Amino acid sequence: MKTESFYVTTPIYYVNDVPHLGTAYCTIGADILARYEKLRGKTVEFLTGTDEHGEKIQEAAAKKNMPPQEFTDEVSEKFKIAWKRLNISNTDFIRTTEERHKKVVTHYVEEALNKGAIYLGEYEGWYCVSDETFYTAAQLVNSKCPACGRDVKKIKEENYFFKLTHFVKQLKEHIEKNPDFILPESKKNEVLGFLKEDIRDISISRTSFTWGIPFPKGNTEPKGKHVIYVWFDALLNYVSALNPLDSKSEKFPKFWGNKDHPKAIHLVGKDILRFHGVYWPCFLMSVGLPLPKRIFATGWWTVEGQKMSKSLGNAIDPLTFTDQYGVDAFRLFLFREFPLGQDGDFALKNFKERVNADLANNLGNLVSRTLNLIQKNMDGKVFGEHNTPTDSDFKTLVETPLESAKNLYCDDKLLKMEKFEYTPILQSIFLALNGINKYLEVKAPWTLAKDPSKKEEMIQVLNVSAEVIRQSAILLWPFIPSTSEEILKRLGQPTIDDVIKTGLKESLKFGKGLEAQITVGTPLFMRLS
């Protein structure tokens, strides 16, 4: 049977910096969705990578007395290492200096030229090297870049221009007909706001530097060789990774989809929303390619109430942090604390409180005491034939929130996860875990174990506790994969791969746990002081 395919991407990260809290946040957010879709039985393509061209990179390499290619090789490798250590499950890693990418970019620039969407002209205006963005004088704030506040420089040079104005009406219509095309709602309104501005055609080539993909035409002008402007180059990575020019490959139609069934979901930072929400769809329209299914913009993180800054010394290094506190604790905090799409503040006090409440006291404590009681009173064996409790305590404390989590997770009409609405799902899961902890307090199986006539009731209580842990481990796998896999192993249960083969909905039915020998193990999480 042919499985459904799914495609999710992160932005490709600029190699003038190393992985940080913001890039980790976005990448883990995409990883959660990729794992979720895999859990649902889909064939998943998950792309991340690095953006390696432009004046900013050329300058950064020069400061280190390194050739640009050597510089990008070094930094790109740091991203690969970081994502591996953060348990990112990407299936591909694209670099814009790769030949497979350059070939596709050149092809589609030629295509846009042939269709009349690109023309040669002259640009005079203000340019921010840091943001690789052109601005009019009216857009500047105190004569500086309106986005980053850095100095801008006056540029006058011959450029190729993209007819952005030609596609604005078509883009507006698409956004209005597809309300989930840009999310969250506030970001969609932001893009519509951009489209109400004085939209102008945009420069897509430069002659003042050389580190970029050569423009397919215009290399003989006396003012110098043109290279493709970094955004037209970079955005095409989402397509170039899928072998669109290989007629023998099914990868592009399989994962990109078509205009009636788009499949690509882009997760991006809100600072690059204009490029993804305006430029990218128009680029695609100009060469006749279908638009992605969804573009979702994340919020920004501050640290202890302050903007992250090297000068302040408050930047969070995700690798150093997870070496100290653990990868799964870090992953959970990022998406339990604030809804994806909102701005958040990374405070160590809040991190420790969240880990203690959710992972040490709630999940970790539940697993430890349940398995210890099963080891002591049931010869370490769990599941087999047992009935689900029907009392009101169980229904209120456990069954209702757990069913809510499963409905939010599995209902194809809600698509909560595909819209990156992780918070309500996590809330329901941890409410159910907290509920089963309370249920154990109410039923007190340690007391029931002392009365031979209460043995069956004790077995039922411990079995159902283990069953809730099993189901929760499956639901939590996209968020805390290592911990979830360890829990299933301690319960003697099938692996996540087996769950996928069985089917998610089938695996989440009560009583689907197998009779097995449990392993107690050490505490999953220690309380942080």
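In which sense do strand β7 and β9 pair, and over how many bridges? Strand β7 (residues 153-162) and β9 pair in the antiparallel sense, over 2 bridges. The notes below start from that pair. Keep in mind that this is a predicted model.

1. **The sheet around β7.** β7 and β9 belong to an open sheet of 4 strands. The order is β6-β5-β7-β9, and the pairing is antiparallel. Strands of a sheet pair through backbone hydrogen bonds, either parallel or antiparallel.

2. **A helix across it.** Helix α10 (residues 273-286) lies across β6, β7 and β9. Its direction is at about 35° to β7.

3. **The loop between β6 and β7.** Ser143 sits in this loop. Its phi is positive, about 65°, although Ser143 is not a glycine. Is Ser143 buried or exposed? Ser143 counts as exposed because its relative accessibility is 57%, and the cut-off for exposed is over 50%.

4. Phe420 has a positive phi of about 60°, and it is not a glycine. Find Phe420 in the loop between α14 and α15 (422-443). Phe420 is buried, with a relative accessible area of 1%.

5. **α14 against α17.** Helix α14 (residues 392-410) packs with helix α17 (residues 455-476). The angle is about 25°, and the axes are 11 Å apart. Angles under 35 degrees count as roughly parallel, and α14 and α17 are therefore roughly parallel to each other. The crossing of α14 past α17 is left-handed. From α14, the contact uses Phe394, Val398, Leu402, Ala405, Lys406 and Tyr409. From α17, it uses Val464, Val468, Gln471, Ser472, Ile474 and Leu475. By class, 9 of the contact residues are nonpolar, 2 are polar and 1 is charged.

6. **Helix α18.** Which residues of helix α18 (residues 481-490) are buried? They are Pro481, Thr483, Ser484, Ile487, Leu488 and Arg490. An α-helix has 3.6 residues a turn, so residues three or four places apart point the same way. The buried residues of α18 pack against several elements, among them α1 (21-39), α13 (348-377), α17 and α19 (496-502). Just after α18 comes Gly492, with a positive phi of about 70°.

7. An open sheet of 3 strands has the order β15-β14-β16, and its pairing is mixed. β15 (306-307) and β16 (344-346) are the edge strands, and each pairs on one side only. Strand β14 (residues 301-303) and β16 run parallel, joined by 3 bridges. Phe346 in β16 is the bridge partner of Val303.

8. **β3 and β4.** Strand β3 (residues 43-51) and β4 pair in the parallel sense over 4 bridges. Gly49 stands opposite Ile94 in β4. In a regular strand the side chains alternate between the two faces of the sheet. See this in β4 (residues 92-95): Asp92 and Ile94 point one way, Phe93 and Arg95 the other way, and all are buried.

9. **A cis peptide bond.** The bond joining Leu183 and Pro184 is cis, with omega about -5°. Pro184 lies in the loop between β8 (182-183) and α6 (185-196).

Note on methods
Residues numbered from 1 in each chain as written. Predicted model: local features only at pLDDT ≥ 70, side-chain atom pairs only at ≥ 80, totals over all residues. Heavy atoms only, no water. Axes fitted to C-alpha atoms, helices over the stretch in contact; angles between N-to-C directions. Parallel < 35°, antiparallel > 145°, perpendicular 65-115°, else oblique. Left-handed = near helix turned anticlockwise from the far one by under 90°. Contact = heavy atoms within 4.5 Å. Nonpolar A, V, L, I, M, F, W, Y, C, P; charged D, E, K, R; others polar. Pairing = 2+ DSSP bridges. Buried < 20%, exposed > 50% of the residue type's maximum accessible area, 1.4 Å probe, protein only.
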